[in-house]
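Here are my notes for you to read alongside the model. I've kept them to a handful of points, starting with the charges.

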Amino acid sequence: MTRMTRDFADTMQREAMPVVSADVIFASLRFPNYKIGANNQIMETKGDPKVLTMKEVVARETAQLLEQQKRLSVRDLASKFEKGLAAAAKLSEEARLREAASLEKHVLLKKLRDALECLKGRVGGKNKDDVADAIAMVEALAVQLTHREGELIQEKSEVKKLTNFLKQASEDAKKLVDEERAFARSEIDNARAAVQRVEEALQEHERMSRASGKQDLEQLMKEVQEARRIKMLHQPSKVMDMEHELQALRTQLAEKTRHYLRLQKELSRAKKGEENVPNLYELEGTETLGSYLQIQPCSDKAPDLSKCSIQWYRVSPEGAKKELISATKSIYAPEPFDVGRILQVDIISEGLHITLSTTGPVDPAAGLGNYVEALVRKHDSEFNVVVTQTNGSHNPTESIHVLHVGKMRMKLCKGTETIAKEYYSSSMQLCGVRGGGNAAAQALFWQPTSGLSFVLAFESERERNAAIMLARRFAYDCNIVLAGPDYRPSET
């Protein structure tokens, strides 16, 4: 609440202003804010450590509002103005009496001077000189009386100004009091309305909580019953049969996929009019994350791949963007960056330039996204790995290590020994391994810092791709782009 004051500096000096009583104060500048805390209780936002119930809060706020309403009384202020008016009236009356007395003194002095003038004409000698001295004294008294009368007139003017000022101040104070009282009543009404709305909201929330609690309990009972039914249906023998059937379906799906890709390539060649043109090389493999692609010669005239220059690229589906991949081997395992992109490889040998590409964008691995989302909820995820290379040199021992992927850093351990531990930074690199034969889909390249690098082999393609996606997700949260050696930021 903001108190409005009036400025009277243009009418009187600051010393003439009466001091307002310090007892006229307000308990608060605004109505307090509340929030719903634990157990549906109301708490003030000031950080009160004691959590009160709704009934106690409403009672306390009601008492504070009543006390605030009492404090809004300004009787002491009105009393001071009334005392000032009485004092001004008294001073005015005294000035009037002094003015009357001064007038009487003037009349008496005039009569006395006239009498002395008359007496001066009747006497002579020394008595005449005494009468002249008396006349001079009467005239001096008249002068002093006139000067005093001027001071009284000035004092009367000041008293009149003070009286007018006090009257105006009293009227302004009464008007200000009325405004403050009206504003305070409005604030109290608004506070009561707010408390009423809070009570209604709490009651509605309690009703909804009871209703939702019953619904959640019923839903939970249904889920338990469904889980029991599924448990009874999925006995160990049935689970094994389903696994065998699933494996057979996967094998059939892989075969169908290879057949589909072969037909797709033949169809593409037919559309380009190259059906009769001999094809020296072709890409073999499933165009899915978790598999690998291999360049295979399909003609006796094809040059040996060991004598050819090979370079892989990832191309946007529209063909507008082409990114270099630091892969120069005949085998390449797609990584998460390649999902949704077309992979392309250039083969150059003695003036021969052949370009091969996938039939479409690389598909994501089934269920990998949900698996990574589940790992994101953890503070630290662990993966069992084997270190196959360190700083480009083959590692003879193939002992099990543990790769920790955390929200702020990555760590490679062997038992209790820490091999490498680094926070995400611009010097860190992570990508799928380039080359590596049939195991390329299960390996990645990790450079924690400059001068130290590892090639890590995972238990499965799923674990490898999940580790890459998880690390890049956490690094992105730290404003770091985690990629391979030849990564270049996108130009916009």
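1. Glu323 makes a salt bridge with Lys321, with the closest N and O atoms 3.2 Å apart. By salt bridge I mean a side-chain nitrogen of Lys or Arg within 4 Å of a carboxyl oxygen of Asp or Glu. Glu323 also forms one with Arg314, where the closest N and O atoms are 3.5 Å apart. Bear in mind that this is a predicted model: local features need pLDDT of at least 70, side-chain atom pairs count only at pLDDT 80 or more, and totals for chains, interfaces and linings use all residues. Numbering runs from 1 along each chain as its sequence is written, and side-chain values use heavy atoms, with hydrogens and water left out.

2. How covered are these partners? Glu323 is buried at 19% relative accessible area, and Arg314 is buried too, at 7%. Lys321, at 35%, counts as partly exposed. The cut-offs are under 20% relative accessible area for buried, over 50% for exposed and partly exposed in between (1.4 Å probe, protein chains only). Arg314, Lys321 and Glu323 belong to a network of salt bridges that also takes in Asp338 and Arg341.

3. The count comes to eight salt bridges. One of them is Arg207 with Glu204, whose closest N and O atoms are 2.2 Å apart. Both lie in helix H3 (residues 126–233), three residues apart, which is about one turn of the helix. Arg207 is partly exposed at 42%, and Glu204 is partly exposed at 35%. Helices (H or I, at least four residues) and strands (E, at least two) are DSSP runs numbered from the N terminus.

4. Glu463 lies in helix H6. Leaving aside residues up to four places away in sequence, Glu463 touches Tyr371, Phe383 and Phe458, where contact means heavy atoms within 4.5 Å.

5. Tyr371 turns up again in helix H5 (residues 368–376), where it is buried along with Leu368, Val372, Leu375 and Val376. These five sit on the same side of H5 because they cover an arc of only 145 degrees around the axis, taken from the directions from the helix axis to the C-beta atoms. The buried residues of H5 pack against strand S10 (380–390) and helix H6 (461–477).

6. On to strand S8 (residues 342–349), where seven of the eight residues are buried. S8 pairs antiparallel with strand S5 (residues 309–315) over seven bridges, with Ile310 opposite Ile347. Pairing here requires at least two DSSP bridges between the strands. S8 is also joined to strand S9 (residues 352–357) by six bridges, again antiparallel, and Ser349 stands opposite Leu352. The S8–S9 hairpin has two residues between the strands, and Glu350 takes a positive phi near 50 degrees there.

7. Finally, there is an open antiparallel sheet of three strands in the order S3-S4-S7. Strand S3 (281–284) and strand S7 (331–332) are at the edges with a single partner strand each, so one side of each has no neighbour in the sheet. S3 and strand S4 (residues 293–297) share four bridges, and Glu282 is opposite Gln296.
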